[in-house]
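Colleague: Hi! Could you walk me through this structure while I have it open?

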Amino acid sequence: MAQITMAKALNTALRDAMEADDRVVLLGEDVGTLGGVFRITDGLLKDFGEQRVMDTPLAESGIMGISIGLAMRGYRPVCEMQFDGFSYPALDQVISHLAKYRNRSRGAQAMPVVCRIPYGGGIGAVEHHSESPETLYCHTAGLKVVTPSSPADAYSLLRQSIEADDPVIFLEPKRRYWAKQETDLPVTTEPIGTAKVRKEGSDLTLVAYGPMVKVALDAADAAEEEGIGSLEVIDLRSLVPLDEETLVASASRTGRMVVVHEAPEFLGMGAEVAARVTEAAFFHLEAPVLRCTGLDVPYPPARLEETYLPGVDRVLWTVQRSLDF
Amino acid sequence: MDQTDEQVRLLADDGTPLEHDTYRADLGDDDLRDLYRQLVVVRRIDVEGNNLQRQGQLGIWAPCLGQEAAQVGSARALRPDDFVFPSYREHGVLYVRGGMDVLSVLALFRGASLSGWDPKERNLGLYSIPIGTHALHAVGYAIGAKWDGAELCAVAYFGDGATSEGDTSEAFNFAAVNSAPVVFFCQNNQWAISVPLSKQAAGPLYKRAFGFGFPGVQVDGNDVLAVYAVTKAAADRAREGGGPTLIEAITYRLGAHTTTDDPTRYRTVDELDMWKAREPIGRYRAFLEKAGLWSEELERDVQAEADRVAAEVRAAVEDMPDPPLSDLVDHVYADPPATLRAQWRRLEEFEAQFASES
């Protein structure tokens, strides 16, 4: 077993996918010579050449539109949006074509495109480099939306995403890029659409994904140490498809649930999880499903992000609200 | 907007053949006659589309009246291997490429499908409703084809309005940087719904290409031979590794934007009359007559073919079944989420209540 960062796991996943299937091509801004601004594509241009790793003009809608055309030619493009806040010019292509093409062709034309987006805050960056736009994608039928929280999952979920015939928005929690985990690569974890119980507990279920899984796990550890209670932590791993079964089973057991995410609360994943769990586990719940999230405001300046983002203390405070209910 | 010295023309307004230094239409007599048949049939299909909408058989129709030469001439210059990315008014292109596949388009405008054809079957992308977006798909396809060493080109059809969209400029740029085998075929029909070209662009559209680093050419879009020749040259150039070309075909949308539109609110009768006098089919017939290729018999055959196709279209639309309810969910995902499957089961349960009543 080796200590591996998520960045390295993603890089290895891309390399292995390209070796396994020569239809897999990478494109995006600075993904070639530089290896990406986060170095996720480091070394791939050198080893696979310009026809497999394409430095594109600075135009995100173009990157997505080109990816769609490449998919129609039989390729399996993996494109990169450099930052969460730079992904919006491509939204028209994503919503109007990427997500719809299969449906519009009555299943004849698949769109095996993976769109990688480094997302989330907590790195002291400017606002447009710190956002969590997952709801925009989750609300667009036809897409799958996946986000790993660990290096092993990053590797396996990216490999699965590239092999999928449905388009996948692959959200990479950039603040977790450099965190290490002991794992061997290649590694196969659970399939897309499966949530994972990261820590078992009996008093309350914390639901998190991507960058907030670490925060939730830290909160669960603290809750145990401080005698607040035994918290279960679920890592959603994929937002679409959503693993309702695992959520409902856990909530039915613990009777309490808190959903944690960086994205604004309003119409966020927490709302979806709360509605579904409330409907399916209504008589098991001791308290309403609560949310601990970013505020319903634009991403703040970096000096305020610690307050904006859910941290261990605010998660525990929300947990207490649920326990007190 | 009017004819300029720069515009490629092979037929004068009265059908007299014109010489051009660069372009000539290398078509034999049978092809020249067949071109006439296609023009006439496309116009008849279009008229039928309008009629079917007026009779409630279609929800809406986007007429291509007046643009037949631009569509038929360009589509005829392509090979089956070339891949076409149409906008939503390219019925003539579809007819040339796929014969009665044009029925898929009628299904779309009837509201029975969202396009529904398999793009791979005739190398024909789905109708793109959002303006200009599909130009990028053509470039992506072309880049892939180039990587594959395939000798083909991709063709993006769009209108004058689409040149204002960012995606169109991004497509120009990606194509130029990658020297992609693409033909950008702009039908400048002078109007984007109610907005005239003068409010859309301040300079000639074909010259946009120069700034991106590839050739642009303006052609008389109502001159089917010139359109054919210019498109063939651009397609050959692309297939041979020469990179993209922008063709601006000057034409005119003689009909409404769609059947929901009322062009009398924004354009004059004089303008319409001016362009009616320059419509493409009469001019081409005059050419055939001068060339000794037109005959009463040809006319009878062509009209009979148009009647036959129109009757077929009408019958097919009138008999067109509504799509199955399962079309709502069956094709959204290769591997649908469990939540969607559960939602569908619930809806089936709801619908089942009414099964005995129907």
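Predicted model: local features only at pLDDT ≥ 70, side-chain atom pairs only at ≥ 80, totals over all residues.

Colleague: Thanks! Which strands are at the edges of the sheet in chain B?

Modeller: The sheet is open and has 5 strands with parallel pairing, in the order β1-β2-β3-β7-β6 of chain B. From one strand to the next, the twist averages 20°. An edge strand here pairs on one side only, and that picks out β1 (83-85) and β6 (216-220) of chain B.

Colleague: At about what angle does helix α5 of chain B run to β2(B)?

Modeller: Helix α5 of chain B spans residues 134-148 and lies across β1, β2 and β3 of chain B. Comparing its direction with that of β2(B) gives about 170°.

Colleague: Now for the other chain: which element gives the largest share of the side of chain B that touches chain A?

Modeller: In total, 36 residues of chain B are in contact with 36 residues of chain A. By class, the side belonging to chain B has 20 nonpolar, 11 polar and 5 charged residues. The elements giving two or more residues to it are α5, α6 (166-177) and α13 (338-352) of chain B. The largest share, 10 residues, comes from α5(B).

Methods:
Residues numbered from 1 in each chain as written. Chains lettered and ligands numbered in written order. Pairing = 2+ DSSP bridges. Helix = DSSP H or I, 4+ residues; strand = E, 2+ residues; numbered from the N terminus. Axes fitted to C-alpha atoms, helices over the stretch in contact; angles between N-to-C directions. Contact = placed C-beta atoms within 7 Å. Nonpolar A, V, L, I, M, F, W, Y, C, P; charged D, E, K, R; others polar.
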